[in-house]
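Here's a quick briefing to read with the model open beside you.

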Protein chains: 2
Amino acid sequence: MVSYVRRDSRLSGVLHVLLHMAQKDGPVTSDVLAKALDTNPVVIRRVMAGLRDQGYVHSEKGHGGGWTLACDLSKVTLRDIYAALGSPSLLAIGNRTDTPGCLVEASVNAALDKSFRSAEELLLARLGEVTLAALHADVHTRHAARGHSPRKAKTNG
Amino acid sequence: MVSYVRRDSRLSGVLHVLLHMAQKDGPVTSDVLAKALDTNPVVIRRVMAGLRDQGYVHSEKGHGGGWTLACDLSKVTLRDIYAALGSPSLLAIGNRTDTPGCLVEASVNAALDKSFRSAEELLLARLGEVTLAALHADVHTRHAARGHSPRKAKTNG
DNA sequence: TCTCACGTAACTTACCATGTTGCGTGATGG
DNA sequence: CCATCACGCAACATGGTAAGTTACGTGAGA
C-alpha cells in the first residue's frame with residue numbers, strides 16, 4: 001500500500017528530444033538522441049512510445065530511418081506531452097491512506113487534498129500555456145544571446 | 001545524479017499524530033501513536049524528532065512519559081510542520097539535469113522550472129493558510145456530523 | 001542478403017521512506 | 001537499588017519504480 005515514485009524526469013527528457021528533432025530536417029535516430037541526452041537508445045524508444053502512439057511523432061525503421069515530428073509545434077503544449085507520457089504523479093508528498101478508518105485522518109486527508117489538488121491544477125494549467133513552438137523559439141533566442149548565428153546550431157549535449 | 005523520492009506521507013502522518021495528541025490531556029506514548037497509525041513506535045519517534053527539536057512538541061522519558069504538544073495550535077500552520085520535517089521535495093517530476101551543458105536543455109529547464117516553482121509556491125501558500133487549530137476544529141465538526149457527542153471521542157485508527 | 005534502426009521483453013541498478021531490531025539513557029516506583 | 005517504562009539512536013532489511021542494460025525479433029533500404 002506504499003506508493004513509490006522516483007523523481008520523474010521523463011517529461012524533461014522528452015522535451016529535450018523533441019526540440020532537438022525540431023532543429024533537424026530529416027529523421028533522427030534513437031542512437032543520436034541517446035547520445036545527446038547521455039543515455040541509452042532503448043530508453044529513448046521506451047519514453048517515445050507513448051508520443052508515437054498518440055501521433056505526436058513518427059518512427060521509421062531501416063536505413064535513413066529514425067524519429068520525425070508529426071505535429072504542429074504551435075498547437076502542442078507541455079501539458080499534452082505530459083499526458084502522452086501517461087500523466088504520472090505530480091506530487092512527491094501525499095496522504096498515508098486513501099481510505100482512512102479514522103475521523104482524524106479523514107480530516108487531515110481532506111485538508112491536504114485540497115491543497116494538493118490546487119497545486120496540481122495550477123501546474124497543469126501552466127504546462128498548458130507553453131507550446132513546443134514557444135520553447136523552440138526560446139532556444140533560438142538563447143542562441144542569439146550567445147552571439148551565435150541562429151541556424152547551423154551546434155547541438156551537443 | 002538521479003534524484004529519488006518516494007511518495008512521502010510523513011506530513012500526513014505527523015498531522016494525524018498531532019491531532020490525536022490534541023484530543024488527549026496527558027502525554028501519549030509512541031506505542032499508542034504507532035498503533036493509531038498502524039506503524040512502528042520507532043517510526044513515530046523518528047518523524048517526531050524534527051518537531052521536538054523545533055519546539056512544537058515535547059517528549060518525556062520514564063513512567064508517565066510520552067509526547068505532549070508544546071505549541072499554540074492556532075499559531076502553527078501545516079506549512080510550519082512541513083518545514084519542521086525538513087521541507088522535503090514537493091514535486092514528483094523534475095528536470096533531468098540541473099546544470100545543462102546544452103542550450104536546448106537549458107531552455108526546457110527554464111520553462112519547466114517556472115511552472116514547477118509556481119506550483120510549489122501555491123502549495124506552500126495553501127499549507128500556510130491552514131492552522132492545526134482549524135484541523136482540530138474540523139475533526140470535532142466531523143464527529144458532530146456523525147451524531148456523536150463531541151467530547152469523549154473514540155480515537156481508534 | 002547484409003546492415004540499419006526501431007519494437008519489445010527481461011533483467012539489473014540505484015535510491016530512499018518505511019519497517020524492524022537492538023542497545024543505551026533517564027525517570028518513575030516499589 | 002533494581003525493575004520497568006519510554007524515549008534516543010544507530011544499523012540493517014524491505015519494497016517499489018524510473019532508468020540502465022542486454023538480447024532477440026522485425027521491417028526497410030542498399
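This is a predicted model: local features need pLDDT of at least 70, side-chain atom pairs count only at pLDDT 80 or more; totals for chains, interfaces and linings use all residues.

A quick term to start: a residue is called buried at under 20% relative accessible area, exposed at over 50%, and partly exposed in between, using a 1.4 Å probe and protein chains only. Residues are numbered from 1 along each chain as its sequence is written, chains are lettered from A and ligands numbered from 1 in the order in which they are written, and side-chain values use heavy atoms, leaving out hydrogens and water.

**Fold of chain A**

- Chain A has six helices and two strands, where helices (H or I, at least four residues) and strands (E, at least two) are DSSP runs numbered from the N terminus.
- Read from the N terminus, the order of elements in chain A is α-α-α-β-β-α-α-α.
- A contact here means heavy atoms within 4.5 Å. Taking the contacts in chain A between residues at least 6 apart in sequence, 63% join residues at least 24 apart.

**The nonpolar core**

- A nonpolar core is a set of buried Ala, Val, Leu, Ile, Met, Phe, Trp, Tyr and Cys residues joined through side-chain atoms within 4.5 Å.
- The largest such core has 88 residues, and A:Met48 and B:Met48 have the most contacts inside it.
- Leaving aside residues up to four places away in sequence, A:Met48 touches A:Val17, A:Leu18, A:Met21, A:Val57 and A:Trp67.
- As a general point, nonpolar side chains tend to be buried together in soluble globular proteins.

**Where chain A meets chain B**

- Chain A and chain B each put residues into the contact: 54 residues from chain A and 54 residues from chain B.
- The two chains bury about 5,300 Å² between them, with 64% of it on carbon and sulfur atoms; buried area is the accessible area (1.4 Å probe) that two parts lose on being put together, summed over both.
- On the chain A side, A:Arg7, A:Arg96 and A:Leu103 lose the most area to chain B, together 15% of what that side buries.
- What links the chains in polar terms? There are 16 residue pairs in polar contact across the interface, both residues at pLDDT 80 or more. A polar contact is a pair of N or O atoms within 3.5 Å; within protein, one must be able to donate a hydrogen and the other to accept it, and residues adjacent in sequence count only if both atoms are side-chain atoms.
- Helices α1 (10–22), α5 (103–129) and α6 (132–145) of chain A are the elements that give two or more residues to the side touching chain B.
- The largest share of that side, 18 residues, comes from α5(A).
- By class, the chain A side has 27 nonpolar, 18 polar and nine charged residues. Ala, Val, Leu, Ile, Met, Phe, Trp, Tyr, Cys and Pro count as nonpolar, Asp, Glu, Lys and Arg as charged, and the others, Gly among them, as polar.

**Salt bridges**

- A salt bridge is a side-chain nitrogen of Lys or Arg within 4 Å of a carboxyl oxygen of Asp or Glu. The whole structure has 13 salt bridges over all chains, but the count between chain A and chain B is zero.
- A:Glu105 and A:Arg96 form a salt bridge (2.7 Å, N to O); A:Glu105 is buried at 3% relative accessibility, while A:Arg96 is partly exposed at 22%.
- In chain B, B:Glu105 and B:Arg96 are bridged with their closest N and O atoms 2.7 Å apart, and B:Glu105 is buried at 4%.

**Residues worth a click**

- A:Asn109 lies in helix α5 of chain A and counts as buried because its relative accessibility is 6%.
- Beyond residues up to four places away in sequence, A:Asn109 touches A:Asn95, A:Thr97, A:Asp98, A:Pro100 and B:Ser12.
- A:Gly65 sits in the loop between β1 (57–60) and β2 (66–69) of chain A, buried at 10% relative accessible area.
- The C-alpha atoms of A:Gly65 and A:Val28 are separated by 7.5 Å, although these residues are 37 residues apart along the chain.
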